[in-house]
Amino acid sequence: MIRLSAPTLGSGPPAAAVPAGAQPLQPRFADLGLADLQAALDGDEFSLAYQPIVSAATRAITGCEALLRWDHPILGPVSPADFVPLAEETGAIGPIGRWVLETACRQAAAWPEHCRVSVNVSPVQLQAPGFAAQVAAALQASGLAARRLELELTEGVPMRDAAVALNGIMAVRALGVSVALDDFGTGFASLGYLQRFVFDRIKIDRSFIRDLGEARESWFLVRTMHDIAHHFGMAVTAEGIETEDEAQLLREFGSRELQGFLFSRPVTSAALTELLAGTAQAPRGREAERQPKSLSHAAP
């Protein structure tokens with residue numbers, strides 16, 4: 001369990017205080033706290049990687065999901081699965097989330113007009129006063145059109161106040177920004193969320209995709225998810241696609257977009273700019289059906 005009250009890195013005894021022959025204390029993730037997150041934000045330790053999202057029909061890149069990375073100067077890469085909950089518990093998710101939103105909008109503004117950026121948003125951010133104003137400010141400062149921004153909410157994270165969350169979703173959608181329900185089906189409130197909130201898209205988690213060709217239950221669940229989404233007028237993006245068979249089945253089910261290692265691993269902002277510049281000049285027609293060139297070597 002993360003010890004939020006633990007001293008931050010570098011606050012231990014000086015080297016001279018370590019007994020001769022003793023091993024120096026090694027910093028641990030459990031020692032990270034609010035001060036470390038603030039230092040990371042101030043010290044440019046955070047960065048964004050992007051994973052392309054492609055059209056299921058043509059494989060052309062239609063958008064990219066922004067993925068937050070933290071390269072700690074001592075611990076090295078720290079997983080978002082570890083530090084995002086810490087940020088939510090300590091309140092650091094507000095300034096970190098604002099940085100992600102502003103950075104993603106600024107970088108995406110240089111992409112081709114047809115390409116949107118998807119940004120993951122914590123329920124803590126969504127339910128904070130003035131969140132829609134933050135989104136509007138990020139759009140205005142970057143010059144990014146609202147239709148090119150999509151906010152992703154994780155279905156597995158409960159909303160503390162449904163009324164506040166609903167108002168937050170309505171406020172950002174009123175700006176022209178779309179809202180997606182990420183990791184659909186992995187939590188306990190999927191259908192309830194669809195009844196109470198308005199989403200433009202659902203994203204089907206990899207955990208349902210990997211057994212498509214082997215388990216009839218997975219086939220039925222994924223097909224039903226598509227039927228539900230289409231009934232509510234929502235688009236479907238399937239995540240974690242790793243094989244051609246998975247891509248083909250999802251196209252048949254009606255997925256509008258696909259995302260996964262089959263098409264590209266997450267890449268740096270610079271590598272993505274190069275990729276988008278190349279695909280912008282790619283020939284149309286049958287040649288556009290070809291798989292985008294792999295950039296797995298550029299994955300952070």
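Me: Hi! Which backbone oxygen lies 2.8 Å from a polar atom of the side chain of T103?
Reply: That is the backbone oxygen of W99. Keep in mind that this is a predicted model, where local features need pLDDT of at least 70, side-chain atom pairs count only at pLDDT 80 or more, and totals for chains, interfaces and linings use all residues. Residues are numbered from 1 along each chain as its sequence is written, and side-chain values use heavy atoms, with hydrogens and water left out.

Me: What is T103 in contact with, leaving aside neighbours within four places in sequence?
Reply: L48 and Y50. Contact here means heavy atoms within 4.5 Å.

Me: New topic: how many disulfides are there?
Reply: The count is 0. A disulfide is a pair of cysteine sulfur atoms within 2.5 Å.

Me: What about salt bridges, how many does a search of the whole structure find?
Reply: The search finds 14. A salt bridge is a side-chain nitrogen of Lys or Arg within 4 Å of a carboxyl oxygen of Asp or Glu. In general, side chains of opposite charge can pair when their charged atoms come close.

Me: Which residue forms a salt bridge with E113?
Reply: R148, with the closest N and O atoms 3.8 Å apart. E113 lies in the loop between α3 and β4 (116–121) and R148 in the loop between α5 (131–142) and β5 (149–154), so the pair ties together parts 35 residues apart in sequence. R148 is buried, at 3% relative accessible area.

Me: Which residue does E257 pair with?
Reply: E257 forms a salt bridge with R201, and their closest N and O atoms are 2.9 Å apart. This pair links distant parts of the chain, strand β9 (residues 257–258) and strand β7 (residues 201–204), 56 residues apart.

Me: Last one: which residues are linked in a network of salt bridges?
Reply: E65, E152, K203 and E239.

Key: Polar contact = N/O pair within 3.5 Å; in protein donor to acceptor, adjacent residues only side chain to side chain. Helix = DSSP H or I, 4+ residues; strand = E, 2+ residues; numbered from the N terminus. Buried < 20%, exposed > 50% of the residue type's maximum accessible area, 1.4 Å probe, protein only.
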